[in-house]
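Visitor: Could you take me in for a close look at a single part of this one? I'd like to know how that part sits against its neighbours.

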Amino acid sequence: MASLDSPRPGLLASLNGKYHRAALTVFALIVLAHWAEHLVQAFQIYVLGWKTPDARGVLGIPFPELISSEWLHYGYAIVMLIALFALRKGFAGRSRQWWNLALGLQFWHHIEHLLLLVQAQTGWRLGGGTAPSSIIQLFIPRVELHLFYNTIVTIPMIIAMLVHRKASAAERELTGCTCSPESRRELATTAS
């Protein structure tokens, strides 16, 4: 039982402290699975020769509403943005720079999805097209654009995680995170 003098840390503090590694692992698996869906969709189009409406990734084949739901796409974009922001305090130094890059890129990706959602809900169309379109989608087709967006967000995120695992003692001291092997060894030593 916690004493009254030492309040329990809040959810964000725990996610960026003792549960940072677990939170990052779950988040990375979700992001990589989503990215894989985009890669499969591109494979279906460019290798298998499927027409774009038929190329729905893995989950979109049995559940076609997944590919066409702007609510679902926006929901994923906002959840990813929130997770990138919520897990940010667990990073310091170079890993924080890479994480911030992923966060900034995801912020823009989220804006593009918000624009698509608004159009799907209102019937208004950017550029006078027949279907919802994001700003960059006026120049680059949607499949390729969203594969690109997911790639440029995922790569700096993964780099941040790899750099973070090799955090210096000073960076570990700043964050209180236990992701690095050194931190886990230090915890094991103090626990015994």
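**A close look at helix α4**

Guide: Let's start with a pair: helix α4 (residues 70–86) packs against α5 at an angle of about 155°, and their axes are 9 Å apart. A quick word on what you're looking at: this is a predicted model, where local features need pLDDT of at least 70, side-chain atom pairs count only at pLDDT 80 or more, and totals for chains, interfaces and linings use all residues. Residues are numbered from 1 along each chain as its sequence is written, and side-chain values use heavy atoms, leaving out hydrogens and water.

Helices (H or I, at least four residues) and strands (E, at least two) are DSSP runs, numbered from the N terminus. Axes are lines fitted to C-alpha atoms, for helices over the stretch in contact, and angles run from 0 to 180 degrees between N-to-C directions.

Back to our pair: that angle makes α4 roughly antiparallel to α5 (over 145 degrees; under 35 is roughly parallel, 65 to 115 roughly perpendicular and the rest oblique). The crossing of α4 and α5 is left-handed, meaning the near helix is turned anticlockwise from the far one by less than a right angle, while clockwise would be right-handed.

Who touches whom? On the α4 side, the residues include W71, Y74, L81 and F85, and on the α5 side they include W99, F107, H110 and L117. Contact here means heavy atoms within 4.5 Å. Sorted by class, the contact of α4 with α5 has 16 nonpolar, 5 polar and 1 charged residues (Ala, Val, Leu, Ile, Met, Phe, Trp, Tyr, Cys and Pro count as nonpolar, Asp, Glu, Lys and Arg as charged, and the others, Gly among them, as polar).

α4 has another partner, α2: those two pack at about 145°, with axes 12 Å apart, and their crossing is left-handed. Here F27, I30, V31 and H34 of α2 meet Y76, M80, A83 and L84 of α4. These contact residues split into 7 nonpolar, 1 polar and no charged.

There's a record to check, too: an unreviewed UniProt entry annotates residues 71–87 as "transmembrane region". In the model, that span is 94% helix and 0% strand, and its end C-alpha atoms lie 24 Å apart.

Zooming out, the chain has 8 helices and 0 strands, and its C-alpha atoms fill a box of roughly 65 × 35 × 30 Å along the principal axes.

Technical notes. UniProt positions renumbered as here; feature names shortened; annotations may be inferred.
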